[in-house]
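Biologist: Mind if I put some questions to you while we look at this model together?

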Amino acid sequence: MKVSPDIFENTEVAYASKSNAELRKAQALFKLFGSPLLVNTGSAIANLALKLRLPVAPLFKYTVYNHFSGGETFKECKRTIAKLAESNIGVLLNYGVELKETDEDFDTALQKNIEAIDFSHKNKYIRAICVKPTSYGRFALFEKVQNKETLSAEETAQYERVRQRFDKVCQYAHDNEVVLYMDAEESWIQDALDELTNEMMYKYNRKKCYVYNTIQLYRWDRLNYLKTEVAEAKVQGYLYGAKLVRGAYMEKERERAKELGYKSPIHTNKKGVDTDFDEAVEFCLQNKESVYVCVASHNEHSNLLAMQQMDALHIARDTPHVVFSQLYGMGDNITFNLAKQGFNTAKYLPYGPVKDVIPYLIRRAQENTSVSGQTGRELTLINREIKRRG
Ligand SMILES: Cc1cc2nc3c(=O)[nH]c(=O)nc-3n(C[C@H](O)[C@H](O)[C@H](O)COP(=O)(O)OP(=O)(O)OC[C@H]3O[C@@H](n4cnc5c(N)ncnc54)[C@H](O)[C@@H]3O)c2cc1C
């Protein structure tokens, strides 16, 4: 069946798995996000409470946490995953703990990812485990490596341990047939991250695609980078995995470039980003025999275009080469309608202790209040569905 251009307007499909009470709760949350003052004050209080180790976790758990996260444990996640699976939607599991600094923290993150691989093994609805590379090593060390600064003996040993963590998780994923997506981060460490991820793709993507890198198309150099890397993978005989995103650190990138006086790595306007994103999707689909792609976006036009292109190129909608993904708690009109039409879909699902996931939740709340954010759209759709149900 041909994809209808207004497919994402179908709120009946989008919210079929939500009870009236759940829908009302989501409505209240997005209404709250509509107030930047409330969100900013709430975020500041939450940050302070975290620093002072105040017991704010329960307050978060029953509000934002449950809306945007899978649960604190695998047992809790199982329920969320099973519910999504009823609509043929998978998940990308992400241990949502951020900004750690010691070897002990990095080893814990690795151990958590290994446990997630064990949990995912043979569950076809867990499409991938997402790994934040800086959960395996110090940000400043990646920066030094990228700048080709001389490392001390201790730093050299530290970086070797980072490489070993990458290798361990990728090998374990490969041996257990679980897919890993490496998240993309700031441009001033991304070359170092790319190098490690490419090494892993070379090693483990020989027969199937187990390791994916993330390509941020808000950077004006990334479309070319993607094409060059895919060509190199073809020459070297491995499969290239690409999670395509626009990018999450735009303001930070621009500010740093301005402050240090170099050309911003970010497109000067949104149109440039959109064009590159859609071209990157098309490029991956056209090179499907050697590329596996995750279209990770809430942009309705980009998702629609990707669906139409797949049909035009006669790519089976459920091919393992293509997955569409949106964050859990957002973009249900996209995910559920895509799944209904037989496309592979997955929700990006963070999990972990409430207090550790709070920084992720604050980012989601702030992102949803920004002018370009999704709140207006989410709220309109939820309101429409509540009205439709009468
Ligand atoms: C499953 C999933 C995984 C993700 N993983 C990562 C990751 O690993 N690393 C990462 O960085 N991000 C990641 N993101 C976030 C992503 O990069 C975007 O921030 C977010 O999805 C919004 O972009 P969009 O395509 O959904 O929607 P849109 O609303 O169409 O685009 C918004 C994005 O466009 C860009 N933009 C907006 N205005 C301008 C402007 N004036 N000039 C230039 N660019 C502009 C920014 O990137 C902004 O975030 C992920 C998102 C999803 C859904």
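**Helix packing**

Biologist: How do helix 10 and helix 12 lie, roughly parallel or roughly perpendicular to each other?

Modeller: Helices here are DSSP runs (H or I, at least four residues; strands are E, at least two), numbered from the N terminus. The axes of helix 10 (residues 222-236) and helix 12 (residues 270-286) come within 10 Å and cross at roughly 15°; axes are lines fitted to C-alpha atoms, for helices over the stretch in contact, with angles from 0 to 180 degrees between N-to-C directions. Under 35 degrees counts as roughly parallel, over 145 as roughly antiparallel, 65 to 115 as roughly perpendicular, and the rest as oblique. Helix 10 and helix 12 are therefore roughly parallel.

Biologist: What kind of model is this?

Modeller: Residues are numbered from 1 along each chain as its sequence is written. Local features need pLDDT of at least 70, side-chain atom pairs count only at pLDDT 80 or more, totals for chains, interfaces and linings use all residues, and the model is predicted.

Biologist: Is the crossing of helix 10 and helix 12 left-handed or right-handed?

Modeller: The rule is to ask which way the near helix is turned from the far one, by less than a right angle: anticlockwise is left-handed, clockwise is right-handed. For helix 10 and helix 12, the crossing is right-handed.

Biologist: Is helix 7 roughly parallel or roughly perpendicular to helix 8?

Modeller: The axes of helix 7 (residues 139-146) and helix 8 (residues 153-175) come within 11 Å and cross at roughly 105°. That makes the pair roughly perpendicular.

Biologist: Which residues of helix 7 and helix 8 make that contact?

Modeller: By class, the contact of helix 7 with helix 8 has 3 nonpolar, 1 polar and 2 charged residues. From helix 7 come L141, K144 and V145, and from helix 8 come E155, Q158 and Y159.

Biologist: What does helix 7 meet in helix 9?

Modeller: Helix 7 and helix 9 (residues 187-204) pack at about 75°, with axes 8 Å apart, so they are roughly perpendicular. F139, F142, E143, V145 and Q146 of helix 7 meet, in helix 9, W188, I189, D191, A192 and L193.

**Around the ligand**

Biologist: How many residues surround the ligand, and which strand gives the most to the shell?

Modeller: There are 25 residues around the ligand, the closest being D183, V245, S297, H298 and N299; a residue belongs if its C-beta atom, placed from the backbone, lies within 6 Å. They divide into 11 nonpolar, 11 polar and 3 charged. Strand 4 (211-216), helix 12 and strand 7 (322-327) each supply at least two. With 3 residues, the most comes from strand 7.

**Single residues**

Biologist: Is T214 buried or exposed?

Modeller: T214 lies in strand 4. Leaving aside neighbours within four places in sequence, T214 contacts Y181, M182, D183, A184, K243 and V245. The cut-offs, counting other C-beta atoms (placed from the backbone) within 10 Å of a residue's own, are 20 or more for buried, 12 or fewer for exposed, and partly exposed in between. T214 has 24, so it is buried.

Biologist: And P350, buried or exposed?

Modeller: P350 lies in strand 8 (345-351). Among its contacts beyond four places in sequence are S69, N94 and Y360. Since P350 has 26 other C-beta atoms within 10 Å, it is buried.

Biologist: What about K148, buried or exposed?

Modeller: K148 sits in the loop between helix 7 and helix 8. Its phi is positive, about 55°, although K148 is not a glycine. Most residues other than glycine have a negative phi. With 9 other C-beta atoms within 10 Å, K148 is exposed.

Biologist: Where is the place of N88?

Modeller: N88 also has a positive phi, near 60°, and is not glycine. With 16 C-beta neighbours inside 10 Å, N88 counts as partly exposed. Its place is the loop between helix 5 (74-85) and strand 1 (90-95).

Note on methods. Nonpolar A, V, L, I, M, F, W, Y, C, P; charged D, E, K, R; others polar. Contact = placed C-beta atoms within 7 Å.
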